[in-house]
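Dear colleague,

Please find below the structure that I am handing over to you.

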Amino acid sequence: MELNRQSTPAVLPRDELEESRRRQLIEVTIDSLAEVGYVGSTLAQIASRADVSPGLVAHYFRDKDGLLAATFRTLARRVAQRVQARLSLAYTPRGRIQAVIDANLAPEEFDRRTGTAWLAFWGQVLHADSLKRVQKAYQSRTLSNLCHALKRLLPAREARSLAAMIAAMIDGVWLRAALSNWREADSESARALLTAFVDGRLRESAPPAIESASDATVSDRARDYPASITSINPATGAVLAEVRVDGPREIDAAVGRAEEAQRRWAAMSGAVRARVLRRAADILRARNRELAELETRDTGKPIQETIAVDVASGADCLEYFAGLAASLAGEHMDLGPQAFGYTRREPLGVVAGIGAWNYPLQIACWKAAPALACGNAMLFKPAELTPLSAIELSAVFAQAGLPEGVFQVVQGYADTGRLLTRHARIRKVSLTGEVGTGKAVMADAAASLKHVTLELGGKSPLIVFDDAKLDNAVAGALLANFYSAGEVCSNGTRVFVHRRIRAAFLERLKLRTTAMRVGDPMDPSTQVGALISEAHMEKVLGYIARGRAEGAQVLVGGHRVTTGDLANGFFVAPTVFDGCHDDMAIAREEIFGPVMTVLEFSDEDEVIARANATEFGLAAGVFTNDLTRAHRVIAQLQAGTCWINHYNVTPIELPFGGTKLSGLGRENGRAAIEHYSQLKSVYVAMGDVDAPY
């Protein structure tokens, strides 16, 4: 399906338009509650904020009570959706309890705007039946989820009692934070408090067989792992495959095989290891089309991308580290006539890689290539949403001559990932994922002092100065936001444009964005495919509604695409917001979808400060013809990966990674060798030992 090529955005179908308006009015109501409270949020005041007539608000919600009840239901539904998303990834009783705690005390609930709106509702629940019904449903759902999990660990009566206590503590910790204006508690400390409380109560109450239900070494009988993962084509909703999930027994066995195989692999010369990696790269290239089609079906990405980038970049990575494998060495140090010293570069042993769903095959290669080049064995867990291409990579390695057990694929949800991060005999974990997952991995790794590499999220700036080549800058912004439907961690979603060229930039940007083809990912002419899942699509659409509610203007896009067969998939039109401000949610939070925010600036120092005003630091880009300024600005941007007059190009030779909450360590380049090896220092005496005793 090709989007309207005219300069005006396509008209939304009536039902999509009405749903979009309802979302927008609810977001405006949340803003109003956060600023003026329940009493001050009148129908007329909310209508004025939304720049619509009170009659239109009444048309959708009848009266103030109807609007506020709908808003309360929306807030409660968002929490419920987060709970369900976390529950779907937790297949142990203890994991399900933690899912309820983590969702209800997530950072989103400690956001001042959302939290103040919740507080306004809690204060009115006793006086409004419509709100009381929402509250009752919300609390019943929380208790039900907790009881269901606790009954697997405790007698029914104790389970109900502890569930009520946990629910009360969730509300109490949150309320304390809200009443202190978010100064006396934060999401991380609140979750840590509840986690410690639950672990303590379970240790006191649970029988020995299950008292360690959160521990990675617990027996299979105490765990409730799913039998399989169902892989879905996000463009059609069709089932692609059922993949078996690995539990504690399988992970322990895989680690044992890896340890034995790693000793043999490490004993081989670097040249021998290099030949295996080079052969694997050749096989990937020979199977490029076949693997690209598999990747497109599993991810929803256009075939024109996967056939040009995903498989080829994985092969490039294997080839690059094959070139380094034979040259890995330490140093010789002359220590005078009586001694010399040298260092040996040695493998870590068994390492784990945990992949993301946006570039499954590429990420598997990015982690496996340096690990194997250094002589390690790797257990790789792909994301549960995209489990298929890693299996094919394992077959490629076997065909290339990699000894059995050196690279193994394990499948599963978050619980399987935790079996890797907590396993005492795994010496390193490399994760590509979100910030919250990265923190959890780092905490798990601390118990055995594992090495950790974390490639996490971002909210990266792209700065366009007034002397930039305009067409190049627009092209860079498109690459920085809409490649892979915006599901790229390094995306430059905050596009800062100098005020003198803003109008011309937006005009060209609108024309080129409107002309992009959204359609069947298997069609070579499709430029924008499907988002990874329905839940993720809803998250992206929620941010679009919030952007409208905060006053940003949709220049193009802003809706789900449901034309013809696309109605069965999860497609969102490329969306550009103008009139944005730095404090808007769409300009602060990672959306991970095809949503660009355009912000205006006037001064170099100003835009550098604004670009750095984020907790993330993954990437940044600058477009300018003044190369002196380009290097000057890049030097001041707090980001680990930067581009001048381009964006999202990641050659294997350059290290990739971030700063601040965007991660630790680097992938690719020679820097990756440091993260998959360790140095041993050796002192060699050439004379007698002169001991003082």
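The notes that follow go from the overall chain to its nonpolar cores and then to one helix pair.

Please bear in mind that this is a predicted model. The protein chain contains 24 helices and 18 strands. Its C-alpha atoms fill a box of roughly 95 × 70 × 55 Å along the principal axes. Among contacts with a separation of 6 or more, 73% join residues 24 or more positions apart.

The largest nonpolar core has 142 residues, and the members touching the most others are F321, F397, V464 and F505. Helix 13 (residues 303–325) supplies the largest share of this core, with ten residues. Leaving aside residues up to four places away in sequence, F397 touches L277, A280, L318, A368, L372, L402 and F407. There is also a second, separate core of 60 residues, including V83, A103, L131 and A549.

Helix 13 also packs against helix 14 (residues 360–373): their axes come within 8 Å and cross at roughly 5 degrees. Because angles under 35 degrees count as roughly parallel, helix 13 is roughly parallel to helix 14. On the helix 13 side, the contact includes V309, C317, L318 and F321, while helix 14 contributes residues including L361, C365, W366 and A369. By type, the contact residues are twelve nonpolar, three polar and one charged.

With kind regards

Conventions: Residues are numbered from 1 along each chain as its sequence is written. This is a predicted model: local features need pLDDT of at least 70, side-chain atom pairs count only at pLDDT 80 or more; totals for chains, interfaces and linings use all residues. Side-chain values use heavy atoms; hydrogens and water are left out. A nonpolar core is a set of buried Ala, Val, Leu, Ile, Met, Phe, Trp, Tyr and Cys residues joined through side-chain atoms within 4.5 Å. Buried means under 20% relative accessible area, exposed over 50%, partly exposed in between (1.4 Å probe, protein chains only). Helices (H or I, at least four residues) and strands (E, at least two) are DSSP runs, numbered from the N terminus. Contact means heavy atoms within 4.5 Å. Axes are lines fitted to C-alpha atoms, for helices over the stretch in contact, and angles run from 0 to 180 degrees between N-to-C directions. Angles under 35 degrees count as roughly parallel, over 145 as roughly antiparallel, 65 to 115 as roughly perpendicular and the rest as oblique. Ala, Val, Leu, Ile, Met, Phe, Trp, Tyr, Cys and Pro count as nonpolar, Asp, Glu, Lys and Arg as charged, and the others, Gly among them, as polar.
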